[in-house]
Amino acid sequence: MLQRTYVIFLIMYILYNKTTSCFESFYGVRTNEYPKTSCQEIANIKTALRCLGRCASTIDNIVMISHNESTDTCMCCNDITGSDLIGADWNSFVLVPRSTGCTTYTLTSHQICLMYFPVPARYSTAKTLCQAGGGNLFKIDSQEKFDLFEDYHVPIADGALLEVWIQGEKTDGQWRFDDGTLIPHVCPLVTENKPAEIHLRARGRTGFDCRDAEENVLYHYTCEYQR
């Protein structure tokens, strides 16, 4: 599981800013991810809490915030396609949806909650951000999960082409999930088998297949959280 979890409650923000905000359905979870050169910088912000407040009032679709305690620098991230800003004093938080921010599905044996992030990201970054919030990239390990994936994503696509990262890495010529188990032949697989294409994305409009992709290509992503 995650090291330590930091929950940033809305009430603390209200005490600081005296107003309600659009992020009532989110909380912040500590991650080791660095801010990116594509994030928006705000100077002279003293705390991570104030950084969250400023980011919420400045930009839409926040994915992550980062605060540097040494320089009082705040980074608001709704674009994580840039290079890492490496430094020892960054504290980064992924914004994770509470129950009202994601869609719950009941499977045969348990419930999961899905959240689609319309933010371009590399595979490793998408995976890290999902795991930081206690979830994972969506895992198509059964026909039931594949049907659920289409049920959730077809309305999001709304007739346009949608491509999202899903769990999958090719090792020793075999496709495996993050836990090392083999990926079953449920989602129709279309591959070019290029050496660098070792991760999986789902691609479609009114129906989806699964395709190989390189690590550094940018796609949206969907996280699943256990209920």
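Colleague: What should I keep in mind about numbering and confidence?

Modeller: Residues are numbered from 1 along each chain as its sequence is written, and side-chain values use heavy atoms, with hydrogens and water left out. Because the model is predicted, local features need pLDDT of at least 70 and side-chain atom pairs count only at pLDDT 80 or more, while totals for chains, interfaces and linings use all residues.

Colleague: How many helices and strands are in the protein chain?

Modeller: Helices (H or I, at least four residues) and strands (E, at least two) are DSSP runs, numbered from the N terminus; the protein chain has four helices and 14 strands.

Colleague: What span should helix α4 have?

Modeller: The expected span is 1.5 Å times one less than the number of residues, so the 15 residues of α4 (residues 143–157) should span 21 Å, which agrees with end C-alpha atoms 20 Å apart.

Colleague: Which residues of α4 are buried?

Modeller: Buried means under 20% relative accessible area, exposed over 50%, and partly exposed in between (1.4 Å probe, protein chains only); in α4, Lys145, Phe146, Leu148, Phe149, Tyr152, His153 and Ala157 are buried.

Colleague: Is asparagine 91 buried or exposed?

Modeller: Asparagine 91, which lies in strand β5 (residues 90–97), is buried, because its relative accessible area is 13%.

Colleague: Which residues is asparagine 91 in contact with, leaving aside its neighbours within four places in sequence?

Modeller: Contact means heavy atoms within 4.5 Å, and, with those neighbours set aside, asparagine 91 is in contact with Arg30, Ile65, Ser66, His67 and Glu69.
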